[in-house]
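Here is a short walk through one protein model. Keep the coordinates open as you read.

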Amino acid sequence: MTETRPTLAVLGGTGKEGTGLGLRWARAGYSVIIGSRSAERAVEAAAAMNAQLGLNTVRGLGNAEAATAGDIVVLTVPPEAQLPTLEGVRAELQGKVLVDATARVDARNPKPPEGQASARLAQDLLGPGVRVVGAFQNVPAHALKQLDHELASDVLVTADDAEARAAVVVLAEATGMRAYEAGGLDNGLVVEGLTALIIAMNKRYKSKTGGIRISGISQAKEVIGN
Ligand SMILES: NC(=O)c1ccc[n+]([C@@H]2O[C@H](COP(=O)([O-])OP(=O)(O)OC[C@H]3O[C@@H](n4cnc5c(N)ncnc54)[C@H](OP(=O)(O)O)[C@@H]3O)[C@@H](O)[C@H]2O)c1
């Protein structure tokens, strides 16, 4: 039986986190589209990724075209650009899964964010026609981009839609990480708080690759499905 893999569009994929995720998904055999405010920058970034991997499966498009072309769309833009970027592609995202990696944390002064989870804000903006999933907020770009290193981060995946949450666990595992279904979108506030903790610890211990590891759950899918 032929496996049909979703095409993945990464909006803001020219940046640190999006490049790391895109490289890992392309290496795992996914068709990846890099989205950018500038189609030219996206094409350049895609060409660099293809050259690094020895592939020709990464494409570059403007964010709106990328959102149209992707089956699953991933958002990796700075926190202040999260909602404006989504506002610009709201129509293109209808009927799709949007994976939001936004961690609303200032790296210079890392503190847990207040208010609502970033992915909840995205869901409220996009409406019920888009299934929003929070993921990758704890995964340092520096580690993602080191393709020859094993990733020491687990991925906590939150969503109100169980099917979308499970689909993103599969995507996260394809990057080489362990991934866990971690409840509804509002739990993303805790996940983003962990990002503040990790940044503070990376500073204290002069690291760029700190992450979190879940213990005591060896078969995440079976446990959560029971
Ligand atoms: N860096 C990490 O280690 C890390 C880890 C976990 C989660 N995250 C989350 O991932 C997201 C991206 O982080 P990053 O470090 O990858 O960011 P980044 O490299 O600073 O920016 C990513 C991309 O966003 C686009 N962008 C920048 N400013 C924008 C604006 N004002 N409006 C629209 N697009 C803009 C740019 O693409 P174009 O100029 O090509 O449009 C840029 O290449 C953040 O929400 C962050 O919280 C990051």
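Helices here are DSSP runs of H or I with at least four residues, numbered from the N terminus. The model is a predicted one.

Start with the largest pocket. Its volume is about 960 Å³. The lining counts 33 residues. Nearest the centre of the largest pocket lie Lys-16, Glu-17, Ala-107, Ala-141 and Ile-199.

Which helices supply at least two residues each to that lining? They are helix H1 (16-27), helix H7 (141-145) and H9. H9 gives the most, with five residues.

Stay on H9, which spans residues 188-204. Met-201 sits in this helix. Is Met-201 buried, exposed or partly exposed? Its relative accessibility is 46%, so Met-201 counts as partly exposed. The class in between runs from the 20% limit for buried to the 50% limit for exposed. Met-201 also belongs to a nonpolar surface patch. Leu-197 and Tyr-205 make up the patch together with Met-201. The area of this patch is about 350 Å².

Now turn to helix H3, residues 63-69. Asn-63 lies in this helix. Its relative accessibility is 12%, so Asn-63 counts as buried. The cut-off for buried is under 20%. What does Asn-63 contact, leaving aside its neighbours within four places in sequence? The partners are Leu-11, Gly-12, Gly-35, Ser-36, Arg-37, Thr-85 and Val-89.

Conventions. Residues are numbered from 1 along each chain as its sequence is written. This is a predicted model: local features need pLDDT of at least 70, side-chain atom pairs count only at pLDDT 80 or more; totals for chains, interfaces and linings use all residues. Side-chain values use heavy atoms; hydrogens and water are left out. Patches are made of residues with over 30% relative accessible area and no salt bridge: like charges are joined within 9 Å, nonpolar side chains (Val, Leu, Ile, Met, Phe, Trp, Tyr) within 5 Å. Accessible areas come from the Shrake-Rupley method with a 1.4 Å probe; for residues, only the protein chains shown count as cover. A salt bridge is a side-chain nitrogen of Lys or Arg within 4 Å of a carboxyl oxygen of Asp or Glu. Buried means under 20% relative accessible area, exposed over 50%, partly exposed in between (1.4 Å probe, protein chains only). Contact means heavy atoms within 4.5 Å. On a 1 Å grid over the protein atoms alone, a cavity is a set of points where a 1.4 Å probe fits but cannot get out, and a pocket is an open set with protein on both sides within 12 Å along at least five of seven lines; lining residues have an atom within 4 Å of a point. Grid points are joined across faces, edges and corners, and a volume is the space filled by probe spheres set on the points.
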